[in-house]
Amino acid sequence: MLKCSEIANLASDYLDKNLSWKESFSVKMHIFICVHCRRFIRHLLSTIHIVQGMEHQKASSEEIKDIITRIPEKKLA
């Protein structure tokens, strides 16, 4: 059986129906048993529906540049 951390990684693909039947079945069995993962999937689905219903605005190139300059560069060691 899948672990909760695996459900978190597969949740988007599960909701998008991008899993094999075996993976999908495993997710369904887990969320049938696990109230926490069932709640997580329900909240993720609610978030998707809210975002899809939102009005989208296009950012100007100046706004994009401003946001990019605020992102700190990550140092690779």
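Start by selecting α1 (4-15) and α3 (residues 35-53): their axes lie 10 Å apart, and the two helices pack at an angle of about 35 degrees. Helices here are DSSP runs of H or I with at least four residues, numbered from the N terminus; axes are lines fitted to C-alpha atoms over the stretch in contact, with angles from 0 to 180 degrees between N-to-C directions. This is a predicted model, where local features need pLDDT of at least 70 and side-chain atom pairs count only at pLDDT 80 or more. Residues are numbered from 1 along each chain as its sequence is written.

Next, show side chains at this contact (heavy atoms within 4.5 Å). From α1, pick C4, I7, A8, A11, S12, Y14 and L15; from α3, pick C37, F40, I41, L44, L45 and I48. Twelve of these residues are nonpolar, one is polar and none is charged.

Now move to α2 (21-33). Its axis comes within 5 Å of that of α3, and the two cross at roughly 115 degrees, so α2 and α3 count as roughly perpendicular (65 to 115 degrees). Select H30, I31, F32 and I33 in α2 together with V35, C37, R38 and I41 in α3 to see where they meet. This contact has six nonpolar residues, one polar and one charged.

Finally, centre on K17, in the loop between α1 and α2. Check its backbone: phi is near 60 degrees, a positive value in a residue other than glycine. Most residues other than glycine have a negative phi. K17 counts as exposed because its relative accessibility is 72% (exposed is over 50%, with a 1.4 Å probe and protein chains only).

Notes: Side-chain values use heavy atoms; hydrogens and water are left out. Buried means under 20% relative accessible area, exposed over 50%, partly exposed in between (1.4 Å probe, protein chains only). Angles under 35 degrees count as roughly parallel, over 145 as roughly antiparallel, 65 to 115 as roughly perpendicular and the rest as oblique. Ala, Val, Leu, Ile, Met, Phe, Trp, Tyr, Cys and Pro count as nonpolar, Asp, Glu, Lys and Arg as charged, and the others, Gly among them, as polar.
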